[in-house]
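Here is a short note to read alongside the model. Take a moment to look at the picture, and then go through the points one by one.

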Amino acid sequence: MSERYEYVPHRLLRQRVRDVASGIEGELMAVVNENVSDCPLNDHWMELAYIRAASGREFTTVIDNVQPAVDQPRADRRH
């Protein structure tokens, strides 16, 4: 049986992000490539973002829903 998850590096780790699906902002704590299948014969892998909201609770969303928070300066912006 293979592992059910693996950590993935991401440029927004430990930065303030926004989940576009819910509108909630928080700190991106981890990105995990996770087998979300409930059937052992058919693996279904997804990259999930673990975001810690201001309340301290973490929630997950697909990584495609994550964007930098608006009030945060972007590293690639030149002054």
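1. Let's begin with Arg16, which is partly exposed at a relative accessible area of 38%. Buried means under 20% relative accessible area, exposed over 50%, and partly exposed in between (1.4 Å probe, protein chains only). Arg16 forms a salt bridge with Glu25, with the closest N and O atoms 2.7 Å apart. Glu25 is also partly exposed, at 25% relative accessibility.

2. A word on the source: this is a predicted model, where local features need pLDDT of at least 70, side-chain atom pairs count only at pLDDT 80 or more, and totals for chains, interfaces and linings use all residues. Residues are numbered from 1 along each chain as its sequence is written, and side-chain values use heavy atoms, leaving out hydrogens and water.

3. How many salt bridges are there in total? The count comes to three, where a salt bridge is a side-chain nitrogen of Lys or Arg within 4 Å of a carboxyl oxygen of Asp or Glu. One of them joins Arg14 to Glu27, with the closest N and O atoms 3.3 Å apart. Arg14 is exposed at 54%, whereas Glu27 is partly exposed at 27%.

4. Glu58 and Arg52 form a salt bridge too, at 2.8 Å between the closest N and O atoms. Glu58 is partly exposed at 40% relative accessibility, and Arg52 is partly exposed at 36%.

5. Of its 79 residues, 29% count as buried.
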